[in-house]
Amino acid sequence: MSGRWTWFNITSVIFGMGFLYLPIVILIVFSFNESRLVTVWAGFSTKWYGELFRNEALLDAAWVTLRVALLSASIATVLGTLAALALTRYTRFTGRTLFTGMVFAPLVMPDVIIGLSLLLLFVAIGFDRGFWTITLAHITFSMCFVAVVVQSRLVSFDESLEEAAQDLGCTPFEAFYKVTLPVILPAVVSGWMLAFTLSLDDLVIASFNSGPGATTLPMKIYSQVRLGVTPEINAVCTILIGIVATGVLIASIIGRRRDVQRKLDEQQAAQEG
Amino acid sequence: MKSLGNVRRSFAPWTDPKSVPYIRFENVTKKFGDFTAVDNLSLDIFEREFFSLLGPSGCGKTTLLRMLAGFEDPSEGDIFLDGQSLKGVAPHNRPVNMMFQSYALFPHMSVEQNIAFGLKQAKMNKAEIEDRVQQMLKLVKLEKFAKRKPHQLSGGQRQRVALARSVAKRPKLLLLDEPLGALDKKLREETQFELMDLQQELGLTFVIVTHDQDEAMTMSDRIAVMDAGVVKQIGTPAEIYEAPDSRYVADFIGSVNIFEGKVKENANGLVKLDSPDGFSEIQAVEDRQFETGQDLFLAIRPEKMNLTRERPTEANAASGEVWEIAYMGDVTNYIVKLDGGKMVRASVVNRKRSVENPIGYDEVIWVSFEPDGGTLLDR
């Protein structure tokens, strides 16, 4: 591949990036708009951010969302990791194909169907809808994403590491806890982050399974938008984008640093060897 | 008395009927589904022995080792360690340590932590662990690398960390799965001697799995040659090399010429074979009795063959044409096409730097060997 800038390359980059990021840029720019009208620029101001922190309903929704996301991501990570372990280690049990299919089905299942089926289930067993039903629903659909991420790491995991641990006196559980988990931890963490973001921005499944007193931020934003968009919404979204972007940035910087360090170490070892 | 090869050290408990084996495989069979990896195998290994399991890949040698470590259970039969049955004993409860083919170093731990892992698991106290780790680092000459992570080490260094980790707990039995497979030739030869010294120094029993016959010959007290789940022959390196008891073993270890013939005469410890391979007759010194007319094979190593331009006085001689010459430095290998069409290998040791008028391509020469140069095989 040549790294030259041709006119074709430049044009396609501009169009591609514009297509992806123009809406977001506009959204951010208008969050600093003086005017109440979202479409007319009337000068720079940060008043909507101040307004935001006085809006109790919005802050409540944000708090609910955060709690749901933290809790569901953590539980989904545990369950997803266990599922991934079962899928990679026990390759010969009966019904494995069915199990694999069932673990990964929610990846392609429409959100509406997941939301609706869970709603029907909660109604049928008489479970009061609210914070817990949203959390459970989010665990259900995000754990398969965790399973996929962790499984892809486990495939390349050298199982003799675990055997070596057992050989040196670990019970199978200790071997997992002391050797396997630390080694696959990066994958588990990125699985957790994926589950966390999925939960953070889910609207459809949460709407189906929420009850009184449990409104998540996406639900709140959606219902407010129907009453008319205010720059306040822009401000909330800008903050969300800021949080997510920072997270991604930090993760990639750490990852890159580690890669570079590793390469240097290996070169050094090879030279000394 | 004549002996096969040199006796390396006076250690041979297997010849003493009173000695008790340290490890005993008793009619062990291991099946994976329909595939039989180990087939009704019995084997004794003695304390402080350096024992090699040698065979091609898929012959069951690694399965045997994994059954000793506890990662596989025998489908039938039982394994005894120091008189105790190993049935149902989990790997972490066995007084056995293993060095893995992939080394299996814990990537998230430093060299020190890797070596200390088993000691911590055994709940040794801190000062003692510290001491033992230092001792191990010294043993494998890695003192300067204690704080490094495995990916910061070269292949040879990783191999030594793996070794240090597996002997740190002072197991009475150390299992080694192709321990030198990933090293280059020179490093491998050095490490072979290091392993032997280590085994002597610590007084351990070593069971090593390898497909490399040179490795097995160099290091072992005894070798078990395996094929398709069964042991073909057990013996000292010299016995395996000089007195193989089947064509499989003769062929697997080193290179060999095999002549086929019918017994013509069998008297006074001398067997005479009718041979169609270009020899008018083959004579072999032999204690066993064979029936006249029985089909036998004579296995003879290339270095026991003589090449001459004149017809030799030896009994076993045939003429042929030089087909191929390979100069290896220490020896020169010839392939000679006998008049009967059979290809024969002969090695000539290059004892002088230059030879006047060496045997060259396309020359017609004589191949001969002494009657006690080879082994008669009936299978």
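Tutor: In chain B, the side chains of B:Lys304 and B:Glu242 form a salt bridge, with N and O 3.1 Å apart. The two ends belong to distant parts of the chain, 62 residues apart: B:Glu242 is in helix H7 (residues 237-242) of chain B, and B:Lys304 is in the loop between strand S14 (295-300) and strand S15 (306-308) of chain B. Keep in mind throughout that this is a predicted model.

Over all chains, the structure holds 18 salt bridges. One of them joins the side chains of A:Glu163 and B:Arg66, at 2.6 Å from N to O. This pair crosses between chains: A:Glu163 sits in helix H7 (residues 160-167) of chain A, and B:Arg66 sits in helix H1 of chain B.

Here the accessibility reads otherwise. A:Glu163 has a relative accessible area of 17%, and B:Arg66 has 19%. Buried means under 20%, so A:Glu163 is buried and B:Arg66 is buried too.

A further salt bridge lies within chain B, where B:Arg24 pairs with B:Asp44 and the closest N and O atoms are 2.9 Å apart. B:Arg24 belongs to strand S1 (residues 23-32) of chain B and B:Asp44 to strand S2 (residues 35-45) of chain B, so this pair ties together parts that are 20 residues apart in sequence. B:Arg24 counts as partly exposed at 34% relative accessibility. B:Asp44 is also partly exposed, with a relative accessible area of 23%.

Now return to the place where the chains meet. How many salt bridges are counted between chain B and chain A? The count is 1. It is the bridge between B:Arg66 and A:Glu163 described above, at 2.6 Å from N to O. Polar contacts between chain B and chain A come to 10 residue pairs, with both residues at pLDDT 80 or more. On the side of chain B that touches chain A, at least two residues each come from helix H1 (61-69), strand S6 (96-99) and helix H2 (111-121) of chain B. Sorted by class, that side of chain B has 14 nonpolar, 9 polar and 4 charged residues.

The contact as a whole takes 25 residues from chain A and 27 residues from chain B. Between them, the chains bury about 2200 Å², and 56% of this is on carbon and sulfur atoms. Of the area that chain B buries against chain A, 27% is supplied by B:His92, B:Gln121 and B:His151, more than any other three residues supply.

A pair of aromatic rings is described by how far apart the centres are and by the angle between the planes. The structure holds 12 aromatic pairs over all chains. One of these is A:Trp192 with A:Phe196, a stacked pair at 5.1 Å centre to centre, with 15 degrees between the planes. A:Trp192 and A:Phe196 are separated by about one helical turn, because they are 4 residues apart in helix H8 (residues 172-200) of chain A. A:Trp192 is partly exposed at a relative accessible area of 26%, whereas A:Phe196 counts as buried at 16%.

In chain B, the rings of B:Tyr248 and B:Phe252 have centres 5.9 Å apart and planes at 10 degrees, so this pair is stacked. B:Tyr248 and B:Phe252 are 4 residues apart in helix H8 (residues 247-252) of chain B, and therefore about one helical turn separates them. B:Tyr248 is partly exposed, with a relative accessible area of 24%, and B:Phe252 counts as partly exposed at 22%. Ring pairs can also form a cluster, as they do in chain A, where they link A:Phe32, A:Phe44 and A:Tyr49.

Definitions and conventions
Residues numbered from 1 in each chain as written. Chains lettered and ligands numbered in written order. Predicted model: local features only at pLDDT ≥ 70, side-chain atom pairs only at ≥ 80, totals over all residues. Heavy atoms only, no water. Contact = heavy atoms within 4.5 Å. Buried area = accessible area lost by both parts, 1.4 Å probe. Salt bridge = Lys/Arg side-chain N within 4 Å of Asp/Glu carboxyl O. Polar contact = N/O pair within 3.5 Å; in protein donor to acceptor, adjacent residues only side chain to side chain. Nonpolar A, V, L, I, M, F, W, Y, C, P; charged D, E, K, R; others polar. Buried < 20%, exposed > 50% of the residue type's maximum accessible area, 1.4 Å probe, protein only. Phe/Tyr/Trp six-rings, centres within 6.5 Å; stacked < 30°, edge-to-face > 60°.
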